[in-house]
Amino acid sequence: RRKDVCPAKIGADEPTTSFLGVARFKQPRGPDVPHYPFPILPRQTICVGFTPLEVSMSTAQRVVYRELGGPEVLKLEPLDLPEPGRGEVQLRILAVGTNRFDALMRRDHYVIAPAFPSAMGNEAVGVVNAVGADVSHVAPGDRVAVLPVVSPIMGTGTYATDANVPAHAVASAIAELTSAEEAGLWMAALQAWNMMARHDLPAGT
């Protein structure tokens with residue numbers, strides 16, 4: 001596993017690259033957590049990667065797993081991506097956020113069991129390739145963020161070079177942030193917002 005670099009991109013800077021993502025673990029956990037191939041520390045931001053994969057940027061591909069297990073079960077497979085349907089947006093993925101529940105689901109420790117073959121990912125930043133009918137808030141060429149409003153998999157899955165996702169999950173990207181920074185932002189930010197907005201927190205909490 002490569003932890004010395006953290007581009008959180010698929011082929012954005014190199015024609016062939018390992019698939020890397022930013023993983024943000026928000027809950028304090030001990031250094032020896034079962035079911036993870038690496039130690040997790042409180043509020044640690046780490047890079048998780050797979051064995052380097054040759055990525056052809058001329059063909060859409062996505063990460064799929066067909067059995068339970070660790071990162072070794074993840075395979076990069078060709079994706080026959082259809083044109084976006086009504087209310088969908090097709091993206092060229094620039095960066096993808098990885099989250100704790102991704103690893104939990106891959107080992108069947110999440111509240112939703114995976115259905116094989118299973119895609120992965122619901123948080124990303126990309127460039128719009130095409131839009132389906134009834135989509136007017138974004139257009140081809142726009143850099144956008146995919147907000148994690150659908151669980152556990154967004155559209156055709158964001159662990160991919162390209163994806164079709166619901167338009168209601170797509171918003172304009174934040175200009176001041178890089179794609180990698182924003183891809184790892186929304187899950188953490190929305191969880192914090194929900195905790196504050198949906199609960200009556202006393203002053204000073």
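**View 1. Glu88 sits opposite Pro166 of β8.** This is a predicted model, so local features need pLDDT of at least 70 and side-chain atom pairs count only at pLDDT 80 or more, while totals for chains, interfaces and linings use all residues. Numbering starts from 1 along each chain as its sequence is written, and side-chain values use heavy atoms, with hydrogens and water left out. β5 and β8 run antiparallel, joined by five bridges; strands count as paired if DSSP finds at least two bridges between them. Helices (H or I, at least four residues) and strands (E, at least two) are DSSP runs, numbered from the N terminus. β8 is mostly covered, with five of its five residues buried. Here buried means under 20% relative accessible area, exposed means over 50%, and partly exposed is what falls in between (1.4 Å probe, protein chains only).

**View 2. The largest nonpolar core has 15 residues.** A nonpolar core is a set of buried Ala, Val, Leu, Ile, Met, Phe, Trp, Tyr and Cys residues, joined through side-chain atoms within 4.5 Å. Val89, Leu91, Val138, Val146 and Val165 have the most contacts inside this core. At least two of its residues come from each of β5 (88-98), β6 (124-131), β7 (143-146) and β8 (162-166). β5 gives the most, with three. Zoom in on Val89: leaving out residues up to four places away in sequence, the residues that Val89 touches include Pro84, Val128, Val138, Ala163, Val165 and Val170. Touching is contact, meaning heavy atoms within 4.5 Å. Apart from this core lies another, of eight residues, among them Val73, Val96, Met105 and Tyr159.

**View 3. Two cis peptide bonds, one from Phe116 to Pro117 and one from Ser151 to Pro152.** For the Phe116 and Pro117 pair, omega is about -10°, and Pro117 belongs to the loop between α1 (100-106) and β6. For Ser151 to Pro152, omega is near 5°. Pro152 falls in the loop between β7 and β8.

**View 4. Asp108 and Asp134 have positive phi without being glycine.** Phi of Asp108 is near 60°. At 38% relative accessibility, Asp108 is partly exposed. Asp134 has phi near 70° and lies in the loop between β6 and β7. With a relative accessible area of 64%, Asp134 is exposed.

**View 5. Met195, Met196 and Leu201 make a nonpolar surface patch of about 320 Å².** Patches are built from residues with over 30% relative accessible area and no salt bridge, joining like charges within 9 Å and nonpolar side chains (Val, Leu, Ile, Met, Phe, Trp, Tyr) within 5 Å. A salt bridge is a side-chain nitrogen of Lys or Arg within 4 Å of a carboxyl oxygen of Asp or Glu. Leu201 is in the segment after α3 (186-197), and at 39% relative accessible area Leu201 is partly exposed.

**View 6. Zooming back out, the chain has three helices and nine strands.** From the N terminus on, the order is β-β-β-β-β-α-β-β-β-β-α-α. Of the 205 residues, 45% are buried. Among contacts with a separation of 6 or more, 68% link residues 24 or more positions apart. The chain exposes about 10,500 Å², and carbon and sulfur atoms supply 55% of that. Accessible areas come from the Shrake-Rupley method with a 1.4 Å probe; for residues, only the protein chains shown count as cover.
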